[in-house]
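Here is a set of questions and answers on one protein model. Look over the sequence and the fold, then read on.

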Amino acid sequence: MKIELVFVKRSNGFDDGNLIVGKFPTKKAAYHYVKDNRRFFSDGYFTLFITKKYSEYYEDVRAQDLLNL
């Protein structure tokens, strides 16, 4: 399983661009990174791009997930 943390920048209400922040071994490690470094990123949101054997999908990082660490 491969997990990439992606930051999606928003401007004027639209998605402006994607920035791959890093690759992490687990979801929990990615959540800890977001929790510790959120202040360094401007207007936008984080998503996880998860690749398993033969499937790929995006998963949003929500504030509720960060509170449950």
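Buried means under 20% relative accessible area, exposed means over 50%, and partly exposed lies in between. The model is predicted.

Q: Is Phe-24 buried or exposed?
A: The cut-off for buried is under 20% relative accessible area. Phe-24 has 17%, so Phe-24 counts as buried.

Q: In which class does Tyr-33 fall at 28% relative accessibility?
A: Buried needs a value under 20%, and exposed needs one over 50%. Tyr-33 sits at 28%, so its class is partly exposed.

Q: What is the mean pLDDT of the protein chain?
A: Of the residues in the protein chain, 99% reach 70 or more. By element, the mean runs from a lowest value of 78 in helix α2 (residues 63-67) to a highest of 93 in strand β4 (residues 56-60). For the protein chain, the mean is 88.

Q: What pattern does the protein chain follow along the sequence?
A: The protein chain has two helices and four strands. Read in sequence order, they give β-β-α-β-β-α.

Q: What is the radius of gyration of the protein chain, and how does it sit against the globule rule?
A: For 69 residues the globule rule gives 11 Å. The value for the protein chain is close to that, so the chain is as compact as a globular protein of that length. The radius of gyration is 12 Å.

Q: Which strands stand at the edges of the sheet?
A: The open sheet has four strands in the order β2-β1-β3-β4, with antiparallel pairing. An edge strand here has a single partner strand, so one side of it is left without a neighbour in the sheet. The edge strands are β2 and β4.

Q: Which residue in the hairpin of β1 and β2 takes a positive phi?
A: β1 and strand β2 (residues 14-24) pair in the antiparallel sense over nine bridges. Glu-4 has Lys-23 in β2 as its bridge partner, and Phe-7 stands opposite Leu-19 in β2. Two residues lie between the strands of the hairpin. The positive phi, near 55°, belongs to Asn-12.

Q: At about what angle does helix α1 run to β3?
A: Helix α1 (residues 27-37) lies across β1, β2, β3 and β4. Its angle to β3 is about 165°.

Q: How many aromatic pairs does a search of the whole structure find, and what is the geometry of the rings of Phe-7 and Phe-46?
A: The search finds five aromatic pairs. Planes under 30 degrees apart count as stacked and over 60 as edge-to-face. The rings of Phe-7 and Phe-46 have centres 5.1 Å apart and planes at 55°, so this pair is tilted.

Q: How many residues apart in sequence are the parts tied together by Phe-7 and Phe-46?
A: Phe-7 lies in strand β1 (residues 2-11) and Phe-46 in strand β3 (residues 44-51). Phe-7 is buried at 5% relative accessibility, and Phe-46 is buried at 4%. The pair ties together parts whose separation in sequence is 39 residues.

Q: Which residues does Thr-51 touch, not counting those up to four places away in sequence?
A: Thr-51 is found in strand β3. At 18% relative accessible area, Thr-51 is buried. Its contacts are Met-1, Lys-2 and Glu-56.

Conventions:
Residues numbered from 1 in each chain as written. Predicted model: local features only at pLDDT ≥ 70, side-chain atom pairs only at ≥ 80, totals over all residues. Heavy atoms only, no water. Phe/Tyr/Trp six-rings, centres within 6.5 Å; stacked < 30°, edge-to-face > 60°. Buried < 20%, exposed > 50% of the residue type's maximum accessible area, 1.4 Å probe, protein only. pLDDT = per-residue confidence, 0-100. Contact = heavy atoms within 4.5 Å. Pairing = 2+ DSSP bridges. Axes fitted to C-alpha atoms, helices over the stretch in contact; angles between N-to-C directions. Rg over C-alpha atoms; globule rule 2.2 N^0.38 Å.
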